[in-house]
Amino acid sequence: MKKIYLDNASTTPIRPEVIQEMTKVLSEDFGNPSSTHSFGRSAKVLIESVRKSIAKQLNATASEIIFTSCGTEANNWILRSAVKDLKVKRIITSKIEHHAVLHTVEMLQHEFGIQVDFVAIKPTGEIDFTDLVELLSDTKKTLVSLMHVNNEIGTVLNMEKAVRLCQAHNALFHTDTVQSVGKTEIDLQNCPVDFLVASAHKFHGPKGAGFAYVKKNSGLQPLFFGGEQEKGFRAGTEAVHQIVGMAKALELAYEHLEEERSHISELKNYMMERFEIEFPECKFNGEDTFYNILNVNLPLAEEKTAMILFNLDMKGIAVSRGSACQSGSVKPSHVLAEILDDEELKKPSLRISFSHYNTKEDVDALLDALKTL
Ligand code: PLP
């Protein structure tokens with residue numbers, strides 16, 4: 001059975017060139033970058049050269065890139081240190097953020113008694129900027145945390161606008177760009193965010209590697225202690241092979257961005273057309289969504305919800321459900337709960353997310369399988 005992977009917002013297959021590069025590092029460059037002998041020095045040289053390469057892709061400087069183990073860690077670090085060390089008294093965020101932000105903010109509210117405000121979300125899934133401006137009029141020391149591309153519905157934040165507003169109101173701006181780094185151009189000189197996070201496994205790199213962009217002189221303090229790695233910002237021996245793999249994946253992502261974006265966009269359009277033909281009453285969740293994510297609300301009975309993923313899985317097709325199943329009961333996703341009404345929430349929603357490895361045949365296989373349900 002040919003397996004079909006349409007869940008690239010969860011994770012992506014590693015590019016063969018990245019595996020090759022990582023294998024080379026694993027076998028040839030095992031030194032500890034903190035050691036002063038030649039083994040250590042070559043590992044250190046590798047890390048510093050790929051730091052430059054990552055910074056260049058985003059138009060940042062190398063010292064502003066700090067390697068972490070994943071996007072979740074980078075989000076936790078930035079948000080926690082902003083409250084603990086930069087004395088942020090209020091976080092403005094949205095209810096459709098990833099849990100790596102939402103749960104961290106909740107914990108910080110509990111621990112430090114900070115104020116948390118949620119900016120309104122329009123039914124289209126977009127941020128209501130009028131509400132953001134209103135929230136920003138309060139002069140408490142504030143950090144705004146809004147994701148660039150939503151991982152469930154693919155809505156896209158106008159990052160330049162968010163940055164401009166934050167600057168005008170003296171607020172710090174953090175953005176979770178886990179779904180967009182490597183998939184769209186990000187120029188940190190034109191769009192001077194304070195903090196941004198990325199994760200290698202979302203752009204065809206390895207799991208267990210991510211990075212934070214932290215603007216120069218931010219004043220952020222470490223989350224971990226016990227080593228001088230990453231200029232003391234992130235203690236712990238660097239996973240050299242992961243970091244090198246991540247940089248290679250990012251380099252290839254940007255090298256092939258135009259052709260891959262156009263291929264994926266075509267697939268997404270084709271899939272939308274097929275959904276409209278086969279399920280005329282379906283509804284796409286979110287408007288003006290990112291080119292690799294399609295979240296669709298299907299006109300199928302409530303009781304079919306639980307079986308859909310199982311049935312697709314039996315046919316070798318991997319997609320994600322727009323809801324989380326907890327101990328047998330289906331709990332709607334916190335993102336969909338913000339934009340859908342009760343009737344729509346009862347119907348099954350699927351998140352389909354593409355990569356350049358997908359083909360029209362994959363789209364047809366999914367639609368044909370759904371038709372038989
Ligand atoms: N933020 C977003 C928007 C994500 O989609 C994810 C992963 O699903 C994360 C954060 C977490 O990233 P990581 O898996 O690197 O911890």
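Asn-217 lies in the loop that joins β8 (210–214) to α7 (240–255). In this predicted model, phi of Asn-217 is near 55°, a positive value in a residue other than glycine. The residue counts as exposed, at 78% relative accessibility. Asn-59 also has a phi near 55°, again positive and again in a residue that is not glycine. Its place is the loop between α2 (38–57) and β2 (65–68). Asn-59 counts as partly exposed, because its relative accessibility of 34% falls between the limits of 20% for buried and 50% for exposed residues.

The domain assignment divides the chain into domain 1 (4–12 + 257–371) and domain 2 (16–255). The centres of the two domains, taken over C-alpha atoms, are separated by 27 Å. Across the boundary, 27 residues of domain 1 are in contact with 34 residues of domain 2.

Helix α1 spans residues 16–28 and includes Glu-17. Glu-17 is partly exposed, with a relative accessible area of 32%. Leaving aside neighbours within four places in sequence, Glu-17 is in contact with Lys-248 and Leu-252. Gly-245 is 228 residues from Glu-17 along the chain, yet the C-alpha atoms of the pair are separated by 8.9 Å.

The ligand site draws on several parts of the sequence. The residues surrounding the ligand are Cys-70, Gly-71, Thr-72, His-98, Met-147, Asn-151, Asp-176, Val-178, Gln-179, Ser-199, His-201 and Lys-202. An N or O atom in the side chain of Thr-72 is 2.5 Å from an oxygen atom of the ligand. For Ser-199, the distance from a side-chain N or O atom to a ligand oxygen is 2.6 Å. For Gln-179, a polar side-chain atom lies 2.8 Å from an oxygen atom of the ligand. Taken alone, the ligand exposes 390 Å², and the protein buries 87% of that area.

Ser-199 belongs to strand β7 (residues 195–199). Its relative accessible area is 2%, so Ser-199 is buried. Not counting residues up to four places away in sequence, Ser-199 touches Gly-71, Val-178, Ala-209 and Gly-210. Two of these, Gly-71 and Val-178, are also listed among the residues that surround the ligand.

Helix α6 covers residues 159–168, and its buried residues are Met-159, Ala-162, Val-163, Leu-165 and Cys-166. These residues are on the same side of α6 because they cover an arc of only 165° around the axis. Arg-164 and Ala-168, on the other side of α6, are exposed. The cover over the buried residues of α6 includes α5 (129–136), β5 (142–145) and β6 (172–176). At the start of the helix, a side-chain oxygen of Asn-158 reaches to within 3.4 Å of the backbone nitrogen of Glu-160. After α6 comes Asn-170, with a positive phi near 60°.

Cys-191 counts as buried because its relative accessibility, 3%, is under 20%. Apart from residues up to four places away in sequence, Cys-191 touches Met-159, Glu-160 and Val-163. Of these, Met-159 and Val-163 are buried residues of α6. Cys-191 and Arg-274 are 83 residues apart in sequence, and 37 Å separate their C-alpha atoms.

Helix α9 (residues 305–314) has Thr-305, Ile-308 and Leu-312 as buried residues. They cover an arc of only 30° around the axis, and therefore lie on the same side of α9. The face turned away from this buried side carries Asp-313 and Met-314, which are exposed. Gly-316 follows α9 and has a positive phi, near 80°.

Technical notes. Residues are numbered from 1 along each chain as its sequence is written. This is a predicted model: local features need pLDDT of at least 70, side-chain atom pairs count only at pLDDT 80 or more; totals for chains, interfaces and linings use all residues. Side-chain values use heavy atoms; hydrogens and water are left out. Buried means under 20% relative accessible area, exposed over 50%, partly exposed in between (1.4 Å probe, protein chains only). Helices (H or I, at least four residues) and strands (E, at least two) are DSSP runs, numbered from the N terminus. The arc is that of the directions from the helix axis to the C-beta atoms. Contact means heavy atoms within 4.5 Å. A polar contact is a pair of N or O atoms within 3.5 Å; within protein, one must be able to donate a hydrogen and the other to accept it, and residues adjacent in sequence count only if both atoms are side-chain atoms. A residue is near a molecule or strand if one of its heavy atoms lies within 4 Å of it. Accessible areas come from the Shrake-Rupley method with a 1.4 Å probe; for residues, only the protein chains shown count as cover. Domain bounds come from an automatic or database domain assignment.
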